[in-house]
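Please find below a colleague's note on the model under review. The coordinates are shown first, and the comments follow.

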Amino acid sequence: MSNEEKRLEILTAAMRIMHQEGFEGFKMEDIAKEAGVGKGTIYEYFESKNDLFLEMLRFSTEQFITGLENSLATGTDLESKISNLSLFGSKFLSSHLNLVNSNISHLSLPEDSKDQIKRYWEHIYKTIESELAKAIEGGEIKPHIDLKMAASVIIGSLNQYAFKKLYGTGLPPEQIDHQAIARMILQGMQK
């Protein structure tokens, strides 16, 4: 196994442990066992538990951005793109909830990590704003829509809807009506 493969195995093992146990149950011994390496090997790649956590956050955010772009690319119109994004976001939230909650409540992140997260979120918003601009050009939605506000509404609505369905009613991501939330969001933007 190459160094990069070992590093990725440790990261994915850490994410599985985080998903099962949360940050407080997140022990380096468990990660080492899950990854099939010695505890000392983890420290060859990550200086501390917080360093590993920050790398998990970066890695997950990059996975989210890739999934976001892929889900938007497979849609044929804005409704199907939002519906695809809803399904992807629900699956991602379902498998990353402990990491998301830890990001919000656990760490006081270093400034460079906060800056990186801010850049990731700017990319996410700009990607959705770009799709909205295309929808305006194609006549799918009103031409005077505030793109930044509309992107915020889409992101916020999808996150809250997925969270309510996943954790409020216990639905798996595939059983959520993603097309209905996409239609609901679009009603306020269509001509």
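1. Basis of the note. This is a predicted model, in which local features need pLDDT of at least 70 and side-chain atom pairs count only at pLDDT 80 or more, whereas totals for chains, interfaces and linings use all residues. Residues are numbered from 1 along each chain as its sequence is written, and side-chain values use heavy atoms, with hydrogens and water left out.

2. Overall fold. The chain contains 8 helices and 0 strands, where helices (H or I, at least four residues) and strands (E, at least two) are DSSP runs numbered from the N terminus. Its C-alpha atoms fill a box of roughly 60 × 35 × 30 Å along the principal axes. Of the 191 residues, 41% are buried, that is, under 20% relative accessible area with a 1.4 Å probe and protein chains only. Among contacts (heavy atoms within 4.5 Å) with a separation of 6 or more, 70% join residues 24 or more positions apart.

3. Cavity. The structure holds 1 cavity of 30 Å³ or more; a cavity is a set of points on a 1 Å grid over the protein atoms alone where a 1.4 Å probe fits but cannot get out, and lining residues have an atom within 4 Å of a point. The space in the largest cavity is about 40 Å³, a volume being the space filled by probe spheres set on the points, which are joined across faces, edges and corners. Leu72, Leu78, Ile82, Leu85, Ile128, Glu131, Leu132 and Ile154 form its lining. Helix 5 (78-105) and helix 6 (111-137) each supply at least two of the lining residues.

4. Nonpolar cores. A nonpolar core is a set of buried Ala, Val, Leu, Ile, Met, Phe, Trp, Tyr and Cys residues joined through side-chain atoms within 4.5 Å. The largest has 26 residues, and those with the most contacts inside it include Ile82, Leu85, Ile128, Leu132 and Ile154. Helix 4 (49-73), helix 5, helix 6, helix 7 (147-168) and helix 8 (178-187) each give two or more residues to this core. Apart from it lies another core of 20 residues, among them Met15, Phe26, Ala32 and Leu52.

5. Ile82. Beyond its neighbours within four places in sequence, Ile82 contacts Ile154, Leu158, Ala182, Ile185 and Leu186.

6. Helix 6. Its buried residues include Ile128, Glu131 and Leu132, each of which also lines the largest cavity. Helix 6 is followed by Gly139, with a positive phi near 75°.

Note on methods:
1 Å grid on protein atoms, 1.4 Å probe; cavity = no way out; pocket = protein on both sides within 12 Å on 5 of 7 lines; lining within 4 Å. Buried < 20%, exposed > 50% of the residue type's maximum accessible area, 1.4 Å probe, protein only.
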